[in-house]
Amino acid sequence: MATAGDVNWDGYSDVIVGAPFYYNGQTDEGRVYVYHGSGAGLSAAPGWTAESDQADAGFGLSVATAGDVNGDGYGDVVVGAPYYANGQTDEGRACVYHGSAAGLSTAPGWTAESDQADAGFGFSAATAGDVNADGYGDVIVGAPYYDNGQSNEGRACVYHGSAAGLSAAPGWTAESEQPDAGFGLSVATAGDANDDGYSDMIVGALDYDNGESDEGRACVYHGSAGSPSGVEPPLDDPALFELRAAGPNPARQACSVRLVLGHPGRLRVEVLDASGRRVADLVEDEFYPVGSYVLTWDGRTRSGERAAAGVYLVHARVDGEARVRKRVIVP
């Protein structure tokens with residue numbers, strides 16, 4: 001069981017619970033429950049359930065928040081079914097269900113499998129945070145019995161979020177390079193362990209050997225900028241600059257954009273309302289060197305009042321060149 005985030009965006013956290021040996025038409029197919037939070041606490045009955053509809057799939061052996069993988073402001077959830085079969089016996093499957101004002105979707109908005117028999121993909125699954133700081137939540141999935149040169153060495157895979165949801169293929173993978181290490185038996189976000197603005201990940205290898213038999217190992221991998229390769233995507237024109245996504249959109253109160261400068265210059269960044277009226281100043285005519293910067297508006301006007309919910313424009317200008325990105329603030 002775990003937090004589900006806020007799947008219906010009512011301001012209350014929700015809880016997800018797995019019952020991997022539940023049967024309802026299929027033996028041990030598994031079921032997952034989400035209980036919604038409220039001012040009085042969690043609901044007595046689940047507000048959402050899902051099942052695998054396949055015998056012995058182990059659906060719900062891992063459950064977690066997925067963060068907000070499509071940037072719509074609603075929490076999403078990830079569910080693992082490590083014994084799911086779809087072409088390969090017990091290859092495993094991970095499913096993400098998207099949140100909405102009505103709660104979670106009835107069908108998964110994303111699924112992935114290992115395509116290898118007995119890999120146990122989905123034995124662990126969790127949010128990875130936002131490892132490339134593009135404003136979308138990413139998901140990490142463990143397959144502790146995956147083989148790739150070593151038997152049962154294990155693998156962990158990260159899938160990147162986007163406006164369309166999670167990527168079909170992993171943007172990052174890692175393996176233990178040691179037989180029977182069980183790498184990926186546990187996976188989780190590590191927060192921002194080195195305070196560089198990118199989420200990091202932690203992977204457990206229960207039976208890793210390094211001096212002692214089956215002593216185990218934990219590995220932290222640091223996030224980095226931009227693309228799955230860890231390299232900031234290049235500017236379309238290095239002589240200019242760009243505004244890119246950063247943080248969820250829509251957002252409550254604070255919202256962010258990423259500014260990428262291809263040349264140094266004097267920068268001015270303002271927040272305008274839909275009518276073009278200046279609401280806030282983020283940067284007032286300051287010199288910035290070449291680089292990538294995250295600029296955050298705290299949701300307050302120039303007079304210090306909380307801005308009303310609505311559409312706002314972040315307007316940036318460097319040496320006569322201007323860029324605009326729309327951000328939405330919700331109640």
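Begin the tour at strand S9, which is mostly covered, since 6 of its 6 residues are buried. Keep in mind from the start that what is open in the viewer is a predicted model.

**Aromatic pairs**

Next, turn to the rings. Two aromatic rings are described as a pair by the distance between their centres and the angle between their planes. In this model the count of aromatic pairs comes to 9. Select Trp9 and Tyr74, whose rings form an edge-to-face pair with 5.1 Å from centre to centre and 85° between the planes. This pair links distant parts of the chain, with Trp9 in the loop between strand S1 (2–5) and strand S2 (14–19), and Tyr74 in the loop between strand S5 (62–67) and strand S6 (76–81), 65 residues apart. Is Trp9 buried or exposed? Its relative accessible area is 16%, and because buried means under 20%, Trp9 counts as buried.

Now select Phe123 and Tyr145, which also form an edge-to-face aromatic pair, here with 6.2 Å from centre to centre and 85° between the planes. This pair, too, links distant parts of the chain: Phe123 belongs to the loop between strand S8 (110–113) and strand S9 (124–129), while Tyr145 belongs to the loop between strand S10 (138–143) and strand S11 (155–159), 22 residues apart. Phe123 counts as partly exposed at 22% relative accessibility, and Tyr145 counts as partly exposed at 32%.

For a group of rings, select Tyr22, Tyr33 and Tyr35 together, which form one aromatic cluster.

**Two backbone angles**

Go back to Trp9 and look at its backbone, where phi is near 55°, a positive value in a residue other than glycine. Then move to Asp180, where phi is likewise near 55° and so positive in a residue that is not glycine. Asp180 lies in the loop between strand S12 (172–175) and strand S13 (183–191), and with a relative accessible area of 44% it is partly exposed.

Strands of a sheet pair through backbone hydrogen bonds, either parallel or antiparallel. Select S17, S23, S22, S19 and S20, which in that order make up an open sheet of 5 strands with mixed pairing. Which strands stand at the edges of this sheet? They are strand S17 (251–252) and strand S20 (278–288), and because each has a single partner strand, one side of each is left without a neighbour in the sheet.

Within this sheet, follow strand S22 (residues 310–318) and strand S23 (residues 321–330), which run antiparallel and are joined by 9 bridges. Select Ala316 and then its bridge partner in S23, which is Arg323. Keep Arg323 selected and show its side chain, for its charged end sits over the ring of Phe241, 5.1 Å from the centre of that ring.

For the last stop, show the surface and select Phe21, Leu61 and Tyr83, which make a nonpolar surface patch of about 280 Å². Of these residues, Tyr83 lies in the loop between S6 and strand S7 (93–97), and at 32% relative accessibility Tyr83 counts as partly exposed.

Methods: Residues are numbered from 1 along each chain as its sequence is written. This is a predicted model: local features need pLDDT of at least 70, side-chain atom pairs count only at pLDDT 80 or more; totals for chains, interfaces and linings use all residues. Side-chain values use heavy atoms; hydrogens and water are left out. Rings of Phe, Tyr and Trp (its six-membered ring) pair if their centres lie within 6.5 Å; planes under 30 degrees apart count as stacked, over 60 as edge-to-face and the rest as tilted. Helices (H or I, at least four residues) and strands (E, at least two) are DSSP runs, numbered from the N terminus. Buried means under 20% relative accessible area, exposed over 50%, partly exposed in between (1.4 Å probe, protein chains only). A charge sits over a ring if NZ of Lys or CZ of Arg is within 6 Å of the ring centre and within 35 degrees of the ring normal. Two strands pair if DSSP finds at least two bridges between them. Patches are made of residues with over 30% relative accessible area and no salt bridge: like charges are joined within 9 Å, nonpolar side chains (Val, Leu, Ile, Met, Phe, Trp, Tyr) within 5 Å. Accessible areas come from the Shrake-Rupley method with a 1.4 Å probe; for residues, only the protein chains shown count as cover. A salt bridge is a side-chain nitrogen of Lys or Arg within 4 Å of a carboxyl oxygen of Asp or Glu.
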